[in-house]
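Please look over the model shown below with its sequence alongside. The paragraphs that follow go from the overall fold to the packing of its parts and then to single residues.

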Amino acid sequence: MVAGVLVVAAVLVQLTLLNRLTLPGGEVPDLVLLVVVACG
């Protein structure tokens with residue numbers, strides 16, 4: 001249950017905030033991948 005809520009929250013943050021943020025080299029951080037790995 002908690003993992004599902006974390007993944008949904010990560011998707012929302014990824015779509016609203018992090019897609020606008022670009023790191024040097026044009027990379028975009030993948031928060032959803034980090035949350036899924038942390039939950040595993």
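The protein chain has 2 helices and 0 strands, where helices (H or I, at least four residues) and strands (E, at least two) are DSSP runs numbered from the N terminus. This is a predicted model, in which local features need pLDDT of at least 70 and side-chain atom pairs count only at pLDDT 80 or more, while totals for chains, interfaces and linings use all residues. Residues are numbered from 1 along each chain as its sequence is written, and side-chain values use heavy atoms, with hydrogens and water left out. Taken along the principal axes, the C-alpha atoms of the protein chain fill a box of roughly 35 × 20 × 5 Å. Of its 40 residues, 10% count as buried, a term that means under 20% relative accessible area, with exposed meaning over 50% and partly exposed in between (1.4 Å probe, protein chains only).

Helix α1 (residues 2–18) packs with helix α2 (residues 31–39) at an angle of about 165 degrees, their axes being 8 Å apart; axes here are lines fitted to C-alpha atoms, for helices over the stretch in contact, and angles run from 0 to 180 degrees between N-to-C directions. That angle makes α1 roughly antiparallel to α2, since angles over 145 degrees count as roughly antiparallel, under 35 as roughly parallel, 65 to 115 as roughly perpendicular and the rest as oblique.

On the α1 side, Ala3, Leu6, Val7, Ala10, Val11, Val13, Gln14 and Leu18 meet Leu31, Val32, Val35, Val36 and Cys39 of α2, contact meaning heavy atoms within 4.5 Å. The residues of this contact divide into 12 nonpolar, 1 polar and no charged, where Ala, Val, Leu, Ile, Met, Phe, Trp, Tyr, Cys and Pro count as nonpolar, Asp, Glu, Lys and Arg as charged, and the others, Gly among them, as polar.

Which residues of α1 are buried? They are Ala10, Gln14 and Leu18, and because they cover an arc of only 45 degrees around the axis, they lie on the same side of α1; the arc is that of the directions from the helix axis to the C-beta atoms. What covers these buried residues includes α2, whereas the face of α1 turned away from its buried side carries the exposed residues Val5, Val8, Leu12 and Leu15.

Gln14, in helix α1, has a relative accessible area of 9% and is therefore buried. Not counting residues up to four places away in sequence, Gln14 touches Asn19, Val28, Pro29, Asp30, Leu31 and Val32.
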